[in-house]
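Colleague: Please put the model on screen, and then I will ask about a few local features.

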Amino acid sequence: MSHVLLIRLAAPLQSWGVASRFWQRDTHSRPTKSGVIGMCAAALGLPREPPPEAPEKDPLAELASLLFGVRADHPGKPVRDYHTVGAGRYPLRPRDLVTDHRRAAAAAVSVDAETGDTFGRHEVEDWYGAPKRISADPLSGALVSAEVRRNAMITERWYLADAAFLVGLQHTEREVLERIAHALEHPKRLLWLGRKSCPPSGQLALGIMACTLAEAFASVALLPSPSDGPPSARDGRPWAWIESERPVPGVGPVMDQPVSFHAMGPKHAARWETGDRVTIDPRARDWDIIL
């Protein structure tokens, strides 16, 4: 028998990156499986990499096997953040003198005059930002900055404002979902909705049902709106995307199946899902949850 854990993802801002780069951070129109599984892994306190004594043990094996679905009860509104990085004058760090010879020369008088056991506070007049693109010199091995310019970098960051999604995780073993539900309400690490600046609000775990994802989405009412605005799906037929166990006619590929969350860069594979509107049972009761 299949069981489904329902999770409420709502906050003033969410951001579920798909192909983000440093200067342009996009967001999907809905939560991604990689982002949700990563949040569950953080709640459970799982490591990013297998332990050295058991390199064959994959910390994500159990979570990655879950079937994933998401219902867009309140899709939210895309919001663009105009962001600058690297502007402003900063106190020098010892690292700045090592990686940037020009800055070291400009600060030499102040640094040489410093006494005591601490580095102290030093600033260079009309010198802004921090060293960028630091790497080891191929000849000497010393850390150097490949970009000594101090111009601010302008970036674009996209968010979903006032969105609320109902996520479902399906598994045959109820005990697995119970552990995840408990961890989401008692997380071992900080949780966020796609980006560290987007913490979730209110209750996350909404209970476990003995059914499939499609049956769960059709049998529970729309989530309360995270804002004072009107419901986003007035006709009771929100869009939902449900993962398929195999590629069959009518499903499409999505490249957000988590393979690893290695510190040097995450890896993803393809999975398959269907997208359709869900007709909610008119007898479904309203939610009694903490907002």
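Strands, a backbone angle and a pocket

Modeller: This is a predicted model. D162 has a positive phi of about 55° although it is not a glycine.

Colleague: Does D162 count as buried, partly exposed or exposed?

Modeller: Buried requires under 20% relative accessible area, and exposed requires over 50%. The relative accessibility of D162 is 36%, so D162 counts as partly exposed.

Colleague: Which residue in β11 is the bridge partner of E243?

Modeller: Strand β9 (residues 239-244) runs antiparallel to strand β11 (residues 267-277), and six bridges join them. Within β11, the partner of E243 is E273.

Colleague: Which residue stands opposite E273 in the pairing of β10 with β11?

Modeller: Strand β10 (residues 252-260) pairs with β11 in the antiparallel sense, over six bridges. β10 and β11 form a hairpin with six residues between them, and G265 in the turn has a positive phi of about 145°. Opposite E273 in β11 stands G252.

Colleague: Which element gives the largest share of the lining of the largest pocket?

Modeller: The largest pocket holds about 1300 Å³ of space. The elements that give two or more residues to its lining are α1 (33-44), β3 (67-74), β10 and β11. The largest share, six residues, comes from α1.

Colleague: How many charged residues are in the lining of the largest pocket?

Modeller: The lining has 44 residues, and S34, G35, W192, G194 and F261 lie nearest the pocket centre. By class, 22 are nonpolar and twelve are polar, while the number of charged residues is ten.

How values were computed: Residues are numbered from 1 along each chain as its sequence is written. This is a predicted model: local features need pLDDT of at least 70, side-chain atom pairs count only at pLDDT 80 or more; totals for chains, interfaces and linings use all residues. Side-chain values use heavy atoms; hydrogens and water are left out. Two strands pair if DSSP finds at least two bridges between them. Helices (H or I, at least four residues) and strands (E, at least two) are DSSP runs, numbered from the N terminus. Buried means under 20% relative accessible area, exposed over 50%, partly exposed in between (1.4 Å probe, protein chains only). On a 1 Å grid over the protein atoms alone, a cavity is a set of points where a 1.4 Å probe fits but cannot get out, and a pocket is an open set with protein on both sides within 12 Å along at least five of seven lines; lining residues have an atom within 4 Å of a point. Grid points are joined across faces, edges and corners, and a volume is the space filled by probe spheres set on the points. Ala, Val, Leu, Ile, Met, Phe, Trp, Tyr, Cys and Pro count as nonpolar, Asp, Glu, Lys and Arg as charged, and the others, Gly among them, as polar.
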